[in-house]
Amino acid sequence: MTPVDFLNYAPAAERNAEPLLEQLKTLLDSSSRVLEIGSGSGQHAACFTSVIQGVTWQTSEVFEALVALQHNLSRFRNDQLLTPVELDVLNPLHWSNPDPCNTVFSANTLHIVSWQAVEAFFNGVGGILPNGGRLITYGPYRYSGRYTSESNREFDSWLQARDADSGIRDVVELQKLAAVNGLLLEEDRAMPANNQLLIWRKRQA
Ligand SMILES: C[S@@+](CC[C@H](N)C(=O)[O-])C[C@H]1O[C@@H](n2cnc3c(N)ncnc32)[C@H](O)[C@@H]1O
């Protein structure tokens with residue numbers, strides 16, 4: 001499929017797919033059952049499952065974006081891709097929609113949604129992951145209020161001007177929220193363009 005074939009095609013997802021794939025190759029294998037939250041166009045799922053042998057990957061989206069996601073992925077003949085499911089992190093009923101998983105992946109979502117949704121995200125992920133399971137989040141982050149670059153500071157201002165409830169999240173605040181839900185930050189890997197890959201591990205709450 002060429003980029004133009006994806007409904008809701010995201011140029012950013014095309015740019016970061018390769019560096020993300022390099023990292024995911026070190027984290028996932030044929031025992032990995034991945035749930036992706038906020039999958040967007042499905043570009044990441046299509047790319048990663050075409051390379052990482054044996055991994056199963058279930059995408060999810062809010063209702064408004066689900067049809068486009070289903071349409072995009074229906075054209076891949078790939079039995080590693082499970083049926084996309086509806087998952088709005090704010091809807092408690094939706095957390096029973098995905099198949100069982102041992103890994104949750106989410107790229108560029110936590111700064112888009114409200115803090116209330118970030119809380120629901122960690123609560124939901126903490127609830128569905130088995131002990132030892134991993135949460136992998138990717139995007140821009142702050143650390144004790146500090147930005148990792150001037151461009152991220154500008155991006156944060158832009159995000160908040162567009163939607164006051166959104167914004168680049170502080171890893172220290174996320175760690176507190178994660179801890180309440182049995183998730184510990186295990187690794188923080190620097191990624192291109194001032195992004196980070198955060199790897200969280202589920203432990204008994
Ligand atoms: C910036 S896009 C990222 C899409 C994709 N992960 C990527 O990296 O290209 C943010 C995604 O979060 C999804 N989203 C927004 N609110 C959500 C919610 N309450 N629950 C789940 N996903 C949500 C949007 O539909 C959108 O696809």
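I began with Asp5, which I found in the segment before helix H1 (11-27), where helices are DSSP runs of H or I with at least four residues, strands are E runs of at least two, and both are numbered from the N terminus. The model is a predicted one, in which local features need pLDDT of at least 70 and side-chain atom pairs count only at pLDDT 80 or more, while totals for chains, interfaces and linings use all residues. Residues are numbered from 1 along each chain as its sequence is written, and side-chain values use heavy atoms, with hydrogens and water left out.

Next I looked up what Asp5 touches, leaving aside its neighbours within four places in sequence, and noted Asn72 and Arg75, a contact being heavy atoms within 4.5 Å. Asp5 and Asn72 lie 67 residues apart in sequence, yet their C-alpha atoms are 7.6 Å apart.

The end C-alpha atoms of H3, a helix of 12 residues, are 17 Å apart, which agrees with the 16 Å it should span at 1.5 Å a residue, the expected span being 1.5 Å times one less than the number of residues.

I then turned to helix H4 (residues 115-128), whose 14 residues reach 20 Å from first C-alpha to last, close to the 20 Å expected. Its buried residues include Ala117, Phe121, Phe122 and Val125, and I found the buried residues of H4 packed against strands S4 (103-107), S5 (134-139), S8 (183-191) and S9 (195-202) as well as helix H6 (171-180).

Last, I looked at the chain as a whole, which has six helices and nine strands. Its radius of gyration is 16 Å, close to the 17 Å of the globule rule for 205 residues, so the chain is as compact as a globular protein of that length; the radius is taken over C-alpha atoms, and the rule is 2.2 Å times the number of residues to the power 0.38. I also noted that 49% of the 205 residues count as buried.

Methods: Buried < 20%, exposed > 50% of the residue type's maximum accessible area, 1.4 Å probe, protein only.
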